[in-house]
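Subject: Structure for your review

Dear colleague,

Please find below the structure that I am handing over to you. My notes on it follow directly after.

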Amino acid sequence: MNYVDKIREVSDLEFHQNHDLTGFTTMRLSSVGDLIEVRTVAALQKLLPILKSHSKKYLVVGWGANQILPAQCDDLIIHLDFLFDQNDLSELRDEYVLPASIGLNHLTALAVRFGLKGWDVFTGIPASLGGAIFMNAGTNLGEIGSLIKSVQLVTSDGILRDEVINSRSFSYRHNHFVGPGEVIVGATLIHHGTDTAISQKIKDYLEYRKKTQPLATKNCGCVFKNPYKEFQAGRLIDLMGLKGLSVGGLRVSPKHANFIENSGNSNWDQFESLVNIIKSNMDHFYGIEFELEVKIPYH
Ligand SMILES: Cc1cc2nc3c(=O)[nH]c(=O)nc-3n(C[C@H](O)[C@H](O)[C@H](O)COP(=O)(O)OP(=O)(O)OC[C@H]3O[C@@H](n4cnc5c(N)ncnc54)[C@H](O)[C@@H]3O)c2cc1C
């Protein structure tokens with residue numbers, strides 16, 4: 001039996017061949033490939049060993065807010081869409097056990113409601129919980145890693161494992177525990193008590209983000225990592241006069257130079273060309289090699 005037939009026998013997942021994946025990333029570059037929507041952890045535990053035994057490569061896409069996909073995806077795209085009882089977010093608890101597919105926006109709504117201290121650190125970040133943990137997403141208020149007590153993962157052999165988080169589990173925009181082929185399926189989050197001022201702090205920070213980032217456009221967040229803490233990539237690109245630079249329907253955002261906006265119908269090749277122009281300017285003017293923050297499969 002080939003792997004597609006085996007996958008089709010697993011319940012609680014859907015296999016879509018040659019699917020339009022354009023809507024699976026916030027950048028919306030045109031992309032097509034095979035997609036698997038997974039509804040339960042048990043289904044994922046059956047799926048991954050099938051893929052392993054057929055040496056089929058796969059890639060997890062959360063909200064696709066930090067990834068871009070090529071025009072034709074050769075790897076299978078796995079998208080988690082776990083069922084979740086909203087009542088689990090209706091009361092104040094010391095800790096929350098949450099599925100990886102939940103959006104951080106739901107957690108921010110909870111933080112505003114109860115004034116959860118510490119949960120302001122991910123204000124306004126478009127992400128699934130799994131993607132945010134994988135990236136150790138954060139703002140200048142802090143990083144999500146500081147709130148994670150443990151992470152539940154499924155290995156490529158289909159085994160469910162629990163990772164207890166310690167001070168070495170995360171660094172800047174990195175985790176140090178997700179192994180090759182492993183998928184984050186959930187996490188236990190803590191908070192640092194409650195404070196009525198948190199709600200206002202989150203609202204103010206959202207306003208600040210609206211003013212400083214092109215949130216209404218199609219983009220993938222910050223394209224480059226800051227080369228040093230005191231050297232913001234966006235500021236360096238701005239100083240080179242590259243704001244507004246465009247290739248096809250893509251341009252360096254006039255609002256924040258570390259964002260690339262897609263006005264529609266753009267593709268991977270155009271993105272790569274624009275990124276390469278910025279990189280060679282950085283190298284030429286500052287002698288700095290820019291590293292990508294956005295995840296580009298096959299790179
Ligand atoms: C407008 C905008 C603003 C942004 N602002 C910020 C910001 O302030 N701070 C910040 O840190 N980021 C920011 N980002 C980037 C992005 O929101 C974060 O990197 C976020 O963590 C990505 O989450 P995601 O669910 O979209 O993950 P994806 O982009 O889908 O995936 C990111 C990586 O995580 C892996 N992954 C995703 N889910 C899982 C899983 N369940 N198990 C294993 N691996 C997984 C993917 O394979 C990929 O390698 C911004 C993006 C946009 C578009």
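Two residues are in contact if their C-beta atoms, placed from the backbone, lie within 7 Å. On that basis, 66% of the contacts in the protein with a separation of 6 or more are accounted for by residues 24 or more positions apart. Please note that this is a predicted model.

Overall fold. The protein contains seven helices and 15 strands. Its radius of gyration is 20 Å, close to the 19 Å that the globule rule gives for 299 residues, so the protein is as compact as a globular protein of that length. The C-alpha trace spans about 55 × 50 × 30 Å along its principal axes, and 38% of the 299 residues count as buried.

Asp75. This residue lies in the loop between β3 (58–60) and β4 (76–80). Asp75 is partly exposed, because 16 other C-beta atoms lie within 10 Å. Leaving aside residues up to four places away in sequence, Asp75 touches Lys57, Tyr58, Leu59 and Pro297. Asp75 and Lys57 are 18 residues apart in sequence, and their C-alpha atoms are 5.2 Å apart in space.

Yours sincerely

Technical notes. Residues are numbered from 1 along each chain as its sequence is written. This is a predicted model: local features need pLDDT of at least 70, side-chain atom pairs count only at pLDDT 80 or more; totals for chains, interfaces and linings use all residues. Helices (H or I, at least four residues) and strands (E, at least two) are DSSP runs, numbered from the N terminus. A residue is buried if 20 or more other C-beta atoms lie within 10 Å of its own, exposed if 12 or fewer, and partly exposed in between; C-beta atoms are placed from the backbone. The radius of gyration is taken over C-alpha atoms; the globule rule is 2.2 Å times the number of residues to the power 0.38.
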